[in-house]
Amino acid sequence: DFLGYVSVPAAVPSLPPTPRVLVTEWVAGRHLSDLSREEGTRMTNMAVDAVTASLVLTGFVHADPHEGNYPVFPYLPYLACL
């Protein structure tokens, strides 16, 4: 877990990565649009914190940080970073 509320799915070992493709485990989550306004605001703030902390603490940049790449786990507050 990153920051205590962000999970990154594991790579699928039977499908090794190529220079253009990485296959990860399936993440069953909810989209931000499925949340109440209060939950959505909270999860959006958490996603922004996660992207910022990733850059500052690890030096890694998520090149495509839109809401589809941050599904919300059924149990709040928990995000997946795809």
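**Core, salt bridge and surface of a predicted chain**

The largest nonpolar core has 16 residues, and Met-43, Val-72 and Leu-79 make the most contacts inside it. A nonpolar core here is a set of buried Ala, Val, Leu, Ile, Met, Phe, Trp, Tyr and Cys residues joined through side-chain atoms within 4.5 Å. Buried stands for under 20% relative accessible area, exposed for over 50%, and partly exposed for values in between (1.4 Å probe, protein chains only). Helix 1 and strand 2 (79-80) each supply at least two residues of this core. Helix 1 gives the most, with four residues. In soluble globular proteins, nonpolar side chains tend to be buried together.

The model is predicted: local features need pLDDT of at least 70 and side-chain atom pairs count only at pLDDT 80 or more, while totals for chains, interfaces and linings use all residues. Residues are numbered from 1 along each chain as its sequence is written, and side-chain values use heavy atoms, with hydrogens and water left out.

The protein chain has one helix and two strands, in the order β-α-β along the sequence. Helices (H or I, at least four residues) and strands (E, at least two) are DSSP runs, numbered from the N terminus. The C-alpha trace spans about 40 × 30 × 20 Å along its principal axes. Of the 82 residues, 29% count as buried. Among contacts (heavy atoms within 4.5 Å) between residues at least 6 apart in sequence, 57% join residues at least 24 apart.

Beyond its neighbours within four places in sequence, Val-72 is in contact with Gly-29, Arg-30, Leu-32, Leu-35, Met-43, Tyr-78 and Leu-79. One of these, Arg-30, forms a salt bridge with Glu-39, with the closest N and O atoms 3.7 Å apart. The term requires a side-chain nitrogen of Lys or Arg within 4 Å of a carboxyl oxygen of Asp or Glu. The structure holds one salt bridge. Arg-30 is partly exposed at 27% relative accessible area, and Glu-39 is partly exposed at 26%.

Leu-3, Leu-55, Val-56, Leu-57 and Val-61 make a nonpolar surface patch of about 510 Å². Patch residues have over 30% relative accessible area and no salt bridge; nonpolar side chains (Val, Leu, Ile, Met, Phe, Trp, Tyr) are joined within 5 Å, like charges within 9 Å. Val-56 lies in helix 1 (residues 37-58) and is exposed, with a relative accessible area of 63%.

Definitions and conventions
Accessible areas come from the Shrake-Rupley method with a 1.4 Å probe; for residues, only the protein chains shown count as cover.
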